[in-house]
Amino acid sequence: MVDTVTKVFGGNKDIEAAVSRGVQAGLAGASPAMKAAATQALENGAVDRKLSMFNQNVRDMVKASPTLRADVLKLEQAGYTYKTGAPADGYYTDWDNNVIVIDQPLSSDAETVSHIAHESSHGASNQQRSVPV
């Protein structure tokens, strides 16, 4: 389903995100198994769109976590983007601009996924900044 949406809309990420919201709304009367399969396909599509700057192994590791892939879909629908930054800059969530920055390169794909999970949880939970200004 996600591949078809990408082909039809030519990779326009804004349209793909809108379509995924519509599909979720349209599943209201579907069976639990159909909802789960469609939701996972939407989540996996969001992971591939939002985390395209990371290698396939990183994206596969993110897809293996139901919570993390759901967070990535939620953030996509909220207008968040992900980008990479220099290791010296660290990893952080820019709430004002809806951007999650993940420092690269890191020592392993698992460390990259750990940073993605950490920052995605901030954005997905609408957690306020915890560092005093």
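Helices (H or I, at least four residues) and strands (E, at least two) are DSSP runs, numbered from the N terminus. This is a predicted model, in which local features need pLDDT of at least 70, side-chain atom pairs count only at pLDDT 80 or more, and totals for chains, interfaces and linings use all residues. Residues are numbered from 1 along each chain as its sequence is written, and side-chain values use heavy atoms, with hydrogens and water left out.

**Exercise 1. Check the span of helix H6 against its number of residues.**

Step 1: the expected span of a helix is 1.5 Å times one less than its number of residues. Step 2: H6 covers residues 109-124, 16 residues, so it should span 22 Å. Step 3: its end C-alpha atoms are 22 Å apart, which agrees. Just after H6, look for Asn126, which takes a positive phi of about 55°.

**Exercise 2. Find which residues of H6 are buried, and what covers them.**

Step 1: buried means under 20% relative accessible area, exposed over 50%, and partly exposed in between (1.4 Å probe, protein chains only). Step 2: the buried residues of H6 are Thr112, Val113, His115, Ile116, Glu119, Ser120, His122, Gly123 and Ala124. Step 3: their cover includes helices H4 (56-63) and H5 (66-77), along with strands E1 (81-85), E2 (92-94) and E3 (99-103).

**Exercise 3. Explore the largest nonpolar core.**

Step 1: a nonpolar core is a set of buried Ala, Val, Leu, Ile, Met, Phe, Trp, Tyr and Cys residues joined through side-chain atoms within 4.5 Å. Step 4: now zoom in on Val72, using contact to mean heavy atoms within 4.5 Å. Leaving aside residues up to four places away in sequence, Val72 touches Ala46, Val47, Lys50, Leu51, Val62, Tyr82 and Ser120.

**Exercise 4. Inspect the backbone at Asn98 and Pro105.**

Step 1: Asn98 sits in the loop between E2 and E3. Asn98 is not a glycine, yet has a positive phi of about 50°. Step 2: with 23% relative accessibility, Asn98 counts as partly exposed. Step 3: move on to Pro105, in the loop between E3 and H6. A cis peptide bond joins Gln104 and Pro105, with omega about -5°.
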